[in-house]
Amino acid sequence: MEKFEIIIVGAGPAGLRAAKVLAEAGKKVIVLEKNPVVGPKICAGGAFPKIFQQGIPEGLIERKFNLIKTHLSGRTYNIKSRDYLLATVDRRNLGQWMAKEAEKAGAKILTNSQVISIEKDKVILKNSQTFYFDYLIGADGGASLVRKYLNLPIRFALCYQYTLLQPFENLEVFYEPKLFGAGYGWIFPYKNFTKIGCGSDLKFHNGNQLKENFHSWLKKMGINYEGSELEGQIINYEYRGYQFGNIFLIGEAGGFVSGLSGAGIYPGLISGQEIAKRILNPKYRPKITSMLISQKFQEKVLDVLNLNRTLMEYFFKIMTLYLFFSTVLFNLFKKPFSKR
Ligand SMILES: Cc1cc2nc3c(=O)[nH]c(=O)nc-3n(C[C@H](O)[C@H](O)[C@H](O)COP(=O)(O)OP(=O)(O)OC[C@H]3O[C@@H](n4cnc5c(N)ncnc54)[C@H](O)[C@@H]3O)c2cc1C
């Protein structure tokens with residue numbers, strides 16, 4: 001039986017970033033991770049450039065993409081930029097790097113340590129070990145046990161994905177409302193493999209239907225997934241607050257994810273960092289307001305889109321055209337502006 005000032009459940013980007021911030025401030029902090037290795041996670045690994053402005057080194061990038069091929073209603077829109085628009089990052093490498101940073105700062109990370117029960121001031125692991133805490137942080141992802149303990153609901157998108165051992169050339173996104181509702185399909189290439197998947201918030205079908213649609217889409221595309229393992233995972237994007245007495249929720253456990261794109265690495269980093277600062281100083285106001293406003297807006301958009309498939313088609317068209325023209329304009333005007 002050991003006591004820590006702060007126990008963090010889950011060693012994803014959110015938990016590891018919080019651990020680093022808290023340990024740097026001299027707190028006695030432990031991260032409990034159920035998996036034997038920190039990092040691997042069912043994820044497409046798409047990383048926007050802003051992630052690398054948060055202390056994550058660009059050296060972790062597998063591939064950078066200046067072009068996103070966006071498919072909608074049988075047409076392809078090439079969204080192009082001089083600078084890269086999206087990169088891919090191997091989650092194992094990202095997790096290992098972040099774990100080292102947290103440990104360097106003084107945090108303790110315990111793998112093979114699944115939390116199975118939470119009580120007022122302690123957590124109990126599957127191997128019967130017990131740890132006491134002053135503060136508990138739930139950073140345990142979409143199916144968070146800490147969130148369940150707090151009796152908070154989730155709202156989720158379901159995703160299916162294959163990892164194919166062949167590198168594709170282009171990063172591609174597919175809006176197919178009939179197959180994926182308000183979600184989308186993706187091809188995210190790495191150096192030696194490619195993640196191909198789809199996600200949807202299931203308003204128009206159930207999980208089995210989505211799986212069937214995914215496979216018929218792969219067939220239509222002529223993509224052979226024989227020999228690869230189908231992975232399935234939810235993404236929770238229901239935000240209900242981050243502080244509940246001495247318990248905090250960060251990352252996907254707290255619903256910090258974009259409902260429209262499913263991107264959760266960046267919100268995980270920011271919520272982990274900002275809420276850790278709040279624990280250090282109860283007067284600190286976490287800088288998450290603009291992220292939350294954008295998320296709430298996306299949730300409302302999803303509610304409206306889910307009323308009608310035709311609406312979805314129009315919305316995706318407008319969004320794609322907006323991205324297309326804004327990158328064209330950005331490319332045209334970037335040079336003169338940056339010369340100033
Ligand atoms: C198929 C798919 C594709 C995605 N693609 C992208 C993408 O391209 N870009 C992007 O930005 N986001 C993507 N996401 C979302 C992104 O993966 C998550 O939002 C992000 O990882 C959340 O970070 P986190 O630290 O909150 O949680 P996680 O990364 O989920 O980490 C939670 C950790 O907690 C551990 N854990 C869980 N329960 C327990 C327990 N009881 N005890 C101990 N440990 C526990 C888990 O093992 C895990 O290591 C994708 C998600 C899915 C499902």
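The centres of domain 1 and domain 2, taken over C-alpha atoms, are separated by 26 Å in this predicted model. Domain 1 comprises residues 2-41 + 92-153 + 239-304, and domain 2 comprises 46-89 + 156-236 + 315-340. These bounds come from an automatic or database domain assignment. Residues are numbered from 1 along each chain as its sequence is written. The model being predicted, local features need pLDDT of at least 70 and side-chain atom pairs count only at pLDDT 80 or more, while totals for chains, interfaces and linings use all residues.

Contact between the domains involves 15 residues of domain 1 and 17 residues of domain 2 (contact: C-beta atoms, placed from the backbone, within 7 Å). On the domain 1 side, α2 and α6 each supply at least two residues. Helices are DSSP runs of H or I with at least four residues, strands are runs of E with at least two, and both are numbered from the N terminus. This side of domain 1 divides into 9 nonpolar, 5 polar and 1 charged residues. Here Ala, Val, Leu, Ile, Met, Phe, Trp, Tyr, Cys and Pro count as nonpolar, Asp, Glu, Lys and Arg as charged, and the others, Gly among them, as polar.

The largest nonpolar core holds 88 residues. Such a core joins buried Ala, Val, Leu, Ile, Met, Phe, Trp, Tyr and Cys residues through C-beta atoms within 7 Å. I7, I8, V9, A18, A19, V31 and I250 have the most contacts inside the core. Beyond its neighbours within four places in sequence, V9 contacts L32, V115, V123, I137, G138, A139, D140, L145 and V146.

A102 lies in helix α2 (residues 91-105). A102 counts as buried because it has 27 C-beta neighbours inside 10 Å (buried: 20 or more; exposed: 12 or fewer; partly exposed: in between; C-beta atoms placed from the backbone). Residues up to four places away aside, A102 touches L16, A19, K20, A23, V31, A107 and I109. The C-alpha atoms of A102 and R17 lie 7.2 Å apart, although 85 residues separate them along the chain.

Note on methods:
Contact = placed C-beta atoms within 7 Å.
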